[in-house]
Amino acid sequence: MIKYCGYCGSKIIQGTFYCGNCGTKIISDIDENNNQNNKSQDIQHDFENYKFNCPLCNKIMTHTYDDGFLGGHNYECYDCELKFRLVNGKFSLHKSPENTRFNKRYAYEIYSKNEWMKMGKGELNEDELNEINSYEYLYDSHYKCPYCNLNFKKYHKKSYLTNLVMYHCSKCKLTFEKSGNELRFMNTSYHETPLWEFYHKKADKTKWENVIGKKFEISIEENNNYQKNDDNSNNQDIQIFMENLENENPLLPPLNYNTSLLMENEKFLYQLQNIELLKGELNTENNEDRFNKVIPINTDNLVITDNRIFFEQYPDELNIRYNQISSMEYLKQSLIISIKNEKESLILVNIDDNQISFNIGDRHYDIAFTPHMLFNLIKGQVLKKEYKD
């Protein structure tokens, strides 16, 4: 008598235990009894309810059933090398290719069928969304995503022990966490990219550019102070803003700040996120090697007042009154501050990772806060102090 698979209807070759088309287990006539009939019905019933298309190629995965204590329903795509096991109505990932999104982020994780299908299409799951939502959105960075050319969104997470910045692309989900000068790769929706070989690893921007094979381009021209437009009125507005920074009350956007950290009669002016402090001894004999040595000290939020600059969480490491400054010099990406009677100079970097918004007339600007701007802002307060003293 010819037998047919109870799931897909294909003919069953005599003496075989599994359907050659869909993999459903078949019970032979010899072994068939009431309990085995019930078991066969359960298997076919489960496969009908939980048949599973591969999240990557959308083909129906091969279903097998193993007996025993560690047995159960298995689903495998031989093309994509994905293997899942049914666990309490959800699916656990038991096999995936090395250095892929599934392998690095989801190995042995348990999610529903719909959640796996969404992840296969590059969507973020609830855990990944919660990870991003643990940061606070600041603004769109001037750095572009090397994959899709959109501007990274910049996020910030601050607690008693951490002060971290995250760059996240809303399209391809490329995500890095920044600490000091290093970026830690966190996620991307792409399954196959060389980045997954370095999951959770830290490296500087140049190393990541070599891994990806593309640069993190800047969306706004540096030589124009990152202004969005290049007409004469904009040039004049930027110049007005730069000159205004040297005033006693510079043109700055209103920002809320914890005034409990300020001294009596001290006025808060501005705050820059994630500024790194280094110390170095200037080498005046060789202009190419500006410092004999450079020592990283710490990274924190830089608070600028009308009296001093200081680190928000680490004031013992950076707390400079303006009357202590002997000279300043701004470079392309840093500000060098020399302190009276001190041999080593202070170097502030990551300044242009911050953005400032301001209005002149009916014109609005969103530009990167450059070392030149910080130089002008401090210079204006130093001159004010010298004049009053």
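A: For the classes used below, Ala, Val, Leu, Ile, Met, Phe, Trp, Tyr, Cys and Pro count as nonpolar, Asp, Glu, Lys and Arg as charged, and the others, Gly among them, as polar. On that basis, the lining of the largest pocket in this predicted model is made up of nine nonpolar, nine polar and four charged residues. This pocket holds about 540 Å³ of space, and among its 22 lining residues Leu138, Tyr139, Leu255, Gln271 and Gln273 lie nearest its centre. Two or more lining residues come from each of strand 8 (136-144), strand 9 (151-158), strand 14 (268-282) and strand 21 (355-360).

The second largest pocket has about 440 Å³ of space, and of the 15 residues that line it, Tyr143, Lys178, Lys205, Asn350 and Asp353 are the closest to its centre. Its lining has seven nonpolar, three polar and five charged residues.

Turning to the cores, the largest nonpolar core has 36 residues, and those with the most contacts inside it are Leu302, Ile304, Leu348 and Leu374. Helix 7 (residues 371-388) gives the most to this core, with six residues. Leaving aside residues up to four places away in sequence, Leu374 touches Leu272, Leu302, Ile304, Leu335, Leu348, Ile351 and Phe369. Another core, of 20 residues, lies apart from the largest one, and its members include Val165, Leu183, Leu195 and Ile212.

Definitions and conventions. Residues numbered from 1 in each chain as written. Predicted model: local features only at pLDDT ≥ 70, side-chain atom pairs only at ≥ 80, totals over all residues. Heavy atoms only, no water. 1 Å grid on protein atoms, 1.4 Å probe; cavity = no way out; pocket = protein on both sides within 12 Å on 5 of 7 lines; lining within 4 Å. Points joined across faces, edges and corners; volume = space filled by probe spheres on them. Helix = DSSP H or I, 4+ residues; strand = E, 2+ residues; numbered from the N terminus. Core = buried A, V, L, I, M, F, W, Y, C linked by side-chain atoms within 4.5 Å. Buried < 20%, exposed > 50% of the residue type's maximum accessible area, 1.4 Å probe, protein only. Contact = heavy atoms within 4.5 Å.
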